[in-house]
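Please look over the notes below alongside the coordinates.

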Amino acid sequence: MAIAETFFISHGSPTLSIDDSLPARHFLKSWEQKVYQKEKPQAILIISAHWDTKLPSVNVVDRNDTIHDFYGFPKQMYELRYTPPGAPRLAKRVKELLIGSGFDEVVEDKKRGVDHGAWVPLMLMYPEADIPVCQLSVQSDRDGTYHYNMGKALAPLRQEGVLIIGSGSATHNLRALGSSDSSIAPWAQQFDTWLKDSLIEGRYEDVNHYEVKAPHAKKAHPWPEHFFPLHVAMGAKLIHQSWSLGTLSYSSYQFTAAD
């Protein structure tokens, strides 16, 4: 089963796992009914902002543990479990493709499970946890073009029934969060609109160099790890847009990757 699409999901706050007031939660819960109404993928490769390593890394495990990598949230969030099968064969295929495309080294992590950038959206999208999942790290000391080339290297996976998902945030400045009733901050709106227009118009090179092309780029992303999962997936159609706390965009995109 070939898969034409790849996706970028803005996972926002970890409270997405429990907060029914967030529109993005309902968007993700409707995934199989409204967003991706196709046969389940053979496996999922998810690139999470919350695994940031010096070298590209994949988790090679038989069963994914749930990593609760957040602090100071309600107790019930730490009781949530999402333990899909691992995808060791996919992990080794990812390594093969990246090395074959000029990435010098790919690390096999044989202990890591799925962090909240992976399991929170997947728990809502595929609650049965029956699809094998492999996670791939980002490298925040590199740039957008590097991650875009990573996505190009992984394109053959689509012909092998693998659904590729980048999980980050369209905007991510935790020091600028407002209250639950805050209006959308102008700088966040401007960056989010620029991103939407750039993707829909196919200006991928601008997105690759967002730090000099986008308005308020450093304000929207003081650190780049939540933006780079998007670069691994590009092609573009806005499939969801909502906000929380005045500056946190949940804009998510579907990409139809070129062969």
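1. A search of the whole structure, which is a predicted model, gives 12 aromatic pairs. One of them joins Phe-7 and Trp-31 edge-to-face, with 4.8 Å centre to centre and 70 degrees between the planes. Phe-7 belongs to strand β1 (residues 5-10) and Trp-31 to helix α2 (residues 31-35), so this pair ties together parts 24 residues apart in sequence.

2. Phe-7 has a relative accessible area of 0% and is therefore buried. Trp-31 is likewise buried, at 0%. Trp-31 also pairs with Phe-27: the ring centres are 6.2 Å apart and the planes stand at 75 degrees, so this pair is edge-to-face. Phe-27 is buried, as is Trp-31. Ring pairs link Phe-7, Phe-27, Trp-31 and Tyr-36 into a cluster.

3. The largest nonpolar core contains 46 residues, and Leu-45, Leu-154 and Leu-230 have the most contacts inside it. Helix α7 (residues 186-200) supplies the largest share of this core, 6 residues. Apart from it lies another core, of 33 residues, which includes Met-123, Tyr-126, Ile-131 and Ile-239.

4. Leaving out residues up to four places away in sequence, Leu-45 touches, among others, Leu-90, Val-94, Cys-134, Leu-154 and Ile-165.

5. Pro-229 sits in helix α11 (residues 228-231). Its relative accessibility is 0%, so Pro-229 counts as buried. With residues up to four places away in sequence not counted, the contacts of Pro-229 include Phe-8, Ile-47, Val-138 and Gly-168. The C-alpha atoms of Pro-229 and Gly-151 are separated by 9.2 Å, although these residues are 78 apart along the chain.

Technical notes. Residues are numbered from 1 along each chain as its sequence is written. This is a predicted model: local features need pLDDT of at least 70, side-chain atom pairs count only at pLDDT 80 or more; totals for chains, interfaces and linings use all residues. Side-chain values use heavy atoms; hydrogens and water are left out. A nonpolar core is a set of buried Ala, Val, Leu, Ile, Met, Phe, Trp, Tyr and Cys residues joined through side-chain atoms within 4.5 Å. Buried means under 20% relative accessible area, exposed over 50%, partly exposed in between (1.4 Å probe, protein chains only). Helices (H or I, at least four residues) and strands (E, at least two) are DSSP runs, numbered from the N terminus. Contact means heavy atoms within 4.5 Å. Rings of Phe, Tyr and Trp (its six-membered ring) pair if their centres lie within 6.5 Å; planes under 30 degrees apart count as stacked, over 60 as edge-to-face and the rest as tilted.
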